[in-house]
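Visitor: Please take one part of this structure and look at it closely, setting it in the context of the whole chain.

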Amino acid sequence: MMASGDQFKIHVRGKSTHGAQPQLGADALIMGAAIAQNLQTIVSRETYPGDTAVVTVGKFHSGTRFNVVAGTAELEGTTRTFSPAVRDRFEEQITRIARSTAEAMRGTADVEYLRIVPVTVNDPGEADLQMGGEDFAFYQEKVPGAIVLLGVRNEACDAVWPQHHGCYKVDESVLVKGAALHVQTALDFLGVDLQ
């Protein structure tokens, strides 16, 4: 039902030198840029086209001055997939590509891979017990949208009954998260950053 969401950090080390003498150094910025580009081959050349996979570098920092070859670079990114088998390969693939790319340019790279959120896979037997329908689908026929499930069960406040049961309750403390998610989605859609 939902993709995995993991994080990776790549630490690239080269050798700093003056920008006028690049041959005396090993440019970590160029290594990092090549690593970011080469990581895209995980999806395009190492993953079965029928599987959904994403490898995104969202952060890249390198260099200290405009006229100095960078000695280090740091990249951070995320992976997403609906396949546990694809997820299990990401760490090896990212590490291999980062290290090989840096080594080809006379540098080194180390990878931290953080397994954060696994793939959400509904058990077929349990899923067959319910066949929910949702009128939100009418909205989605008119405009793009996504339905989000907050999770409002909480034994502490007796919110344990299934929907449409006479005793059905929700943990109302969770509703603020739904409101916050709604506001953040609107801000993201509008390109507004409040930080």
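Guide: What follows looks at one helix, α1, and then at the chain around it.

This is a predicted model, in which local features need pLDDT of at least 70 and side-chain atom pairs count only at pLDDT 80 or more, while totals for chains, interfaces and linings use all residues. Residues are numbered from 1 along each chain as its sequence is written, and side-chain values use heavy atoms, with hydrogens and water left out.

Helix α1 covers residues 28-38; helices here are DSSP runs of H or I with at least four residues, strands are runs of E with at least two, and both are numbered from the N terminus. At the start of α1, a side-chain oxygen of Asp 27 comes to within 2.9 Å of the backbone nitrogen of Leu 29. The buried residues of α1 are Ala 28, Met 31, Gly 32, Ala 34, Ile 35 and Ala 36, where buried means under 20% relative accessible area with a 1.4 Å probe, protein chains only. These buried residues pack against the strands β1 (4-13), β3 (53-62), β5 (72-81) and β6 (108-117), and also against helix α3 (84-104), a contact being heavy atoms within 4.5 Å.

In the protein chain as a whole, 26% of the 195 residues count as buried, and among contacts between residues at least 6 apart in sequence, 67% join residues at least 24 apart. The elements run β-β-α-α-β-β-β-α-β-α-α-α from the N terminus. The radius of gyration, taken over C-alpha atoms, is 23 Å, well over the 16 Å that the globule rule (2.2 Å times the number of residues to the power 0.38) gives for 195 residues, so the protein chain is more spread out than a compact globule. Its C-alpha trace spans about 75 × 40 × 40 Å along the principal axes.

How values were computed
Buried < 20%, exposed > 50% of the residue type's maximum accessible area, 1.4 Å probe, protein only. Polar contact = N/O pair within 3.5 Å; in protein donor to acceptor, adjacent residues only side chain to side chain.
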